[in-house]
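Let's take a walk through this model, one piece at a time. Have the viewer open and follow along.

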Amino acid sequence: MKVTWGWLADWVDLPPTPEALAEVLAMRGFPVAAIEQGATLDPAIVVGRVLEVSPHPNADRLRLCSVDIGASKLSIVCGASNVAPGMAVAVAQIGSKLPDGTKLRKSKIRGVESEGMICSERELGLSAESEGIWALPGNPAVGGPVQAVLGTGDAILDVEITANRTDCMSVRGLAREIASSGRKHVKQAPPPPAPEKAPPPRVTVEDPRDCRRYMARVVEGLRIAPSPDWLKQRLEATGFRSINNVVDVTNYVLRTHGQPIHAFDASRVDGMEILVRRARAGEKLTLLDGRDVALHPGVLLIADRKKPLALAGIMGGLESGVTDATTRVILESAEFAPELTRDAARSLGLDTDASQRFIQGVDPVGVATALDETARLLAETASGAVGQPATDLWPGKTPPRSVRLRRGRLTRLLGIDVGRDVIADALATLEIRQTAPWDGTDEAATFESPSYRKDLEIEEDLIEEVARVVGYDKIPARVTGGQVAAGWSGVPSSASLLTRIMEIACGLGFDEIISNALVGAIPPEVTPESGPTDLWEVQNPKSRELKHLRTSLLPGLLHAAGRNLRHGVREARLVEAGTVFRASPPPLGSERIEIGFVLTGAPDPWAEPSGSDDRYLELKGAIESCLEALGIDSRKSAPYHDRCWARDAGLSIESEGKKLARLGQVSLQLAAATDLERPAWAAVLDLLAIAEVAPARRRFTPLPKYPAVKRDLAIVVDRAVRQGEVEETIRRGGGRLLESVRLFDVFEGEQLGSDKKSLAYALVFRSTERTLQDREVDQAVSDLVRALGAAHGATLRGGVESAAGRP
Amino acid sequence: MIERLDALETEAARAMDAARDGGALEEARVRWLGRKSELTQILRGLKDLTPAERSSVGARANQLRESLERRYEESRARLGADGGPSDAAASRDLTLPGRSIPRGHRHLISQVLAEVRGIFHGMGYALAEGPEVEDDAHNFGALNMPKGHPARALTDTFYLRPEVLLRTHTSSVQIRVMEQRRPPIRIICPGRVYRNEAVDATHLFEFHQVEGLYVDENVTLADLKGTLDSFLKQYFGPNTEMRFSPSYFPFVEPGAQVEIRCFFCSGKGCGVCGPLSGGWLEVLGAGMVHPNVFRAVGYDPERYTGFAFGAGIERLTMLRHGVPDIRLFYENDIRFLHQF
């Protein structure tokens with residue numbers, strides 16, 4: 001909420017500067033987002049009128065302007081493109097001082113003397129940025145100070161008000177806080193002028209639950225005119241348009257007191273009689289803004305005997321509104337029921353300043369003050385004659401709320417010991433009165449809140465009030481040592497596992513990305529098998545782009561990879577960990593954490609001189625590394641297909657019957673759906689499955705005592721035979737002595753025959769008990785060759801070599 | 001035979017002198033003195049020669065071997081004790097770039113999350129997680145925001161079904177933990193949250209929060225202030241100046257807002273803290289857990305007190321690392337990712 005310094009100063013003594021005031025407000029819970037200092041310009045910065053604009057002889061971008069400043073004509077060099085003859089401008093004369101402190105000196109610009117400067121709004125400190133020079137509004141007097149155009153130079157504070165403190169959405173509300181902070185009092189409003197004879201209208205409230213208080217008063221003899229400058233300036237400075245004196249006064253009272261005031265043209269109110277009643281089905285009303293609304297019994301009306309006049313607490317009707325011809329008004333100040341106002345406004349699609357105030361709840365006591373103040377201001381600004389004291393119906397009057405406060409509770413919550421008197425005095429500054437003395441046993445007292453403090457409901461609310469008055473800065477900062485509850489590990493194992501995986505992935509050269517969980521269309525490739533009903537769809541999306549919760553990390557990763565390649569990056573190696581969602585089972589669906597990898601583009605030729613176009617093995621190697629780093633055997637795999645992967649290009653890595661990872665070449669359709677026009681390889685790891693098989697702790701294995709015997713074994717098999725199966729046969733057939741198997745070459749060539757391939761393995765044999773003898777190993781190898789022959793039709797290629805022969 | 005030995009001597013000496021590094025010298029040794037070298041063959045063949053030849057050739061061959069061995073030792077000394085090159089720069093360009101080994105980068109948000117987790121872990125806080133798809137009761141109801149509460153209108157919530165939504169804060173995790181455990185509780189709940197907000201340089205519809213909760217029998221506002229002061233000093237630096245002032249959140253009472261003095265301009269006003277804001281940057285919201293929240297999870301508010309706090313991870317990151325636009329975190333531009 002914007003408020004000006006002078007406006008606040010009408011109601012309370014202020015700290016010395018706007019900055020000091022901002023600090024006071026912030027420490028009360030009302031941070032000041034901005035202070036716009038009213039500009040106080042050097043009087044030597046004057047209004048000038050541009051007479052002539054001609055090109056600068058030595059510079060294309062500059063212009064030479066002849067400017068009339070009343071007493072003389074100046075020749076000024078100007079760089080702005082918007083300068084034009086006839087324009088009223090701010091001229092800083094030689095010797096004048098700009099707001100940033102620079103003093104203007106006589107100078108030559110590109111060889112031409114400039115006798116001053118035509119200023120932009122930025123140069124005058126009026127705005128943070130500006131384009132070109134400032135064209136002064138209106139028709140200011142040439143030669144006069146520019147300050148006169150700006151007005152009084154009242155500082156404007158933009159104060160943030162929290163949702164619980166709607167009582168401070170007004171100048172007086174803030175003034176009360178400032179007064180409390182300075183242990184002072186808010187000033188009283190001057191009394192309205194002595195009433196004349198005009199009687200108030202008759203008022204009937206149909207249901208006191210709808211309208212808790214209703215006051216009305218007449219002001220006559222009005223002359224509708226523009227508002228006086230002070231009123232205009234205050235409204236405009238705080239973001240409101242000035243309309244005319246009567247409308248402006250009601251708006252001003254709203255900003256000052258937080259109380260909406262409505263003015264009816266009294267000549268349009270039949271019989272000077274006002275009914276506050278529910279609308280009847282079928283009734284219609286044309287609103288002030290020209291809109292016609294169809295009414296229903298959920299709407300409260302202000303009506304006369306014949307017709308609806310206004311939507312109570314929301315908006316006036318056009319017909320009974322103030323016009324230029326209005327001379328007599330009925331002023332309404334009321335408290336309408338918040339829920340009723342909210343529901344009615346919502347049902348009609350209306351949201352007005354007034355409705356917001358009534359929904360938040362106005363101060364029932366302030367209804368009277370605000371009405372008096374309106375009458376007084378109309379007398380002052382529109383030469384109105386104030387009628388007899390108001391009609392006042394207050395059927396919904398409630399006693400003040402009392403809350404008990406225990407001193408011990410306060411100490412336990414705040415961590416400071418505050419004495420009884422200090423508590424009572426602190427609350428008294430906020431007009432929260434102690435109504436019963438402290439009682440002995442639990443040191444409790446009862447306090448009564450003022451009518452405008454609807455937020456003070458429980459003991460803790462009062463404790464906060466004491467803390468605010470004492471000052472949050474007076475609360476000591478303490479760090480208590482303490483233990484996490486027993487039996488609690490501190491970090492869930494899946495969370496630490498995820499951290500490890502991501503660190504390993506980064507070590508393997510993958511960059512972590514974070515993409516949105518809310519996505520647009522879900523590509524069919526990642527639509528769950530259970531069908532589109534298993535997708536979460538947002539009922540109130542921001543846009544079509546953000547409608548679904550993702551079911552897979554792949555689209556986001558591929559999309560990011562494609563974007564980066566288009567930016568000219570050679571290769572994208574990306575990893576992401578995140579939640580993926582399914583809508584079943586009800587009610588909350590299911591969430592899983594996946595880790596996705598994508599590899600696409602070309603490797604750096606310097607780093608990988610022999611880089612291949614097919615990067616499947618590179619990606620697979622990374623995934624194997626990652627799993628091995630977690631102590632997981634990643635050797636067991638099976639062909640895997642879903643629509644994410646190109647035909648015959650998907651694989652799953654399994655352990656203990658769980659699918660830990662799916663990987664392969666991304667299908668063209670999925671790549672295309674994510675705007676990636678390159679082959680890409682990807683993998684998806686399932687965190688939960690990995691957590692189930694990853695050993696929590698590694699156990700020590702004794703280091704080998706006896707030497708190993710190495711053998712290289714090259715076999716020839718049909719091309720269609722899968723290496724994984726051959727390796728499995730070797731592993732199973734190698735016996736206890738076989739320590740490790742590693743493929744080191746795959747060879748295809750004419751000499752083998754076109755449908756054959758050779759696989760070469762490095763085998764390591766070792767016993768934990770003794771040094772192996774060659775013949776034992778030879779026996780094991782020949783058993784293996786037989787097993788391979790039986791299982792895969794493998795034949796030996798070129799014999800078994802002792803590994804020493806291989807570099 | 002003697003002539004052959006003379007020729008060997010010349011060739012071998014040249015080879016050893018020419019060796020520029022240990023490897024080349026070793027090659028020369030194997031070639032000229034090794035088991036398969038011509039000289040060794042000749043020495044081995046001595047037994048097949050006539051006694052006269054054997055004596056003359058033998059003497060010459062043995063003398064040659066000694067001289068070559070000496071030569072070898074000299075060359076070794078010349079190349080340095082480790083046999084390494086003494087003037088390698090002449091033979092290879094050491095300024096060639098190293099073969100780059102790809103190095104991945106953790107996302108800056110993840111780095112900050114890990115650091116924040118670590119700081120609170122050090123203060124005895126356990127990590128708690130919960131679902132991102134939440135029900136109304138955990139996201140609002142139990143947090144003192146019953147249906148119709150005005151504070152609900154402040155949060156623009158994405159709804160999936162009438163009672164199912166995307167959590168708007170990780171406070172829902174606090175409720176889930178309190179439903180399952182008895183105090184004492186010290187947890188932080190980091191995670192992704194969703195708000196249906198207009199996107200600009202400081203707002204996104206998805207972002208990360210970290211919230212904390214400490215419940216025990218005598219937890220006070222002073223403990224909250226001390227904890228947050230300690231966190232901010234660890235995260236932003238030991239000279240961080242904190243301002244602790246009243247604020248409002250429905251699930252705490254008293255409520256507090258925590259700001260730090262802008263460390264870019266020390267409070268004079270700048271592009272980060274706003275030219276006119278007096279140099280305070282809002283970083284955390286906090287307060288004492290509202291008794292209605294305790295009642296909702298079956299804790300006795302007379303017995304237990306507690307504090308809760310929350311901060312936006314993106315905001316903490318932007319402030320400390322000078323990232324001007326929150327959208328950069330989700331664009332995943334490698335040029336951005338590689339900066340951290």
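Start in chain A, where strands β3 (residues 45–56) and β4 (residues 59–68) run antiparallel and are joined by seven bridges. Strands here are DSSP runs of E with at least two residues, helices are runs of H or I with at least four, and both are numbered from the N terminus. Two strands count as paired if DSSP finds at least two bridges between them. On this pair, A:Ser54 stands opposite A:Leu64 in β4(A).

A word on bookkeeping: this is a predicted model, so local features need pLDDT of at least 70 and side-chain atom pairs count only at pLDDT 80 or more, while totals for chains, interfaces and linings use all residues. Residues are numbered from 1 along each chain as its sequence is written, and chains are lettered from A and ligands numbered from 1 in the order in which they are written.

Now zoom out to the sheet. It is an open one in chain A with five strands, ordered β5-β4-β3-β6-β9 with antiparallel pairing. At its edges stand β5 (73–78) and β9 (116–118) of chain A, each with a single partner strand, so one side of each has no neighbour in the sheet. From one strand to the next, the twist averages 45°.

Over to chain B, which has 13 helices and 10 strands. Its radius of gyration, taken over C-alpha atoms, is 38 Å.

Two of its helices are worth a look. Helices α2 (residues 22–33) and α4 (residues 51–78) of chain B pack at an angle of about 175°, with their axes 11 Å apart. Axes are lines fitted to C-alpha atoms, for helices over the stretch in contact, and angles run from 0 to 180 degrees between N-to-C directions. With a cut-off of over 145 degrees, α2(B) and α4(B) are therefore roughly antiparallel. Among the residues that meet are B:Trp32 in α2(B) and B:Tyr72 in α4(B).

Finally, how do the chains touch? In all, 72 residues of chain B are in contact (C-beta atoms, placed from the backbone, within 7 Å) with 83 residues of chain A. Helix α9 (residues 221–236) of chain B gives the largest share of chain B's side, eight residues.

Definitions and conventions
Contact = placed C-beta atoms within 7 Å. Rg over C-alpha atoms; globule rule 2.2 N^0.38 Å. Parallel < 35°, antiparallel > 145°, perpendicular 65-115°, else oblique.
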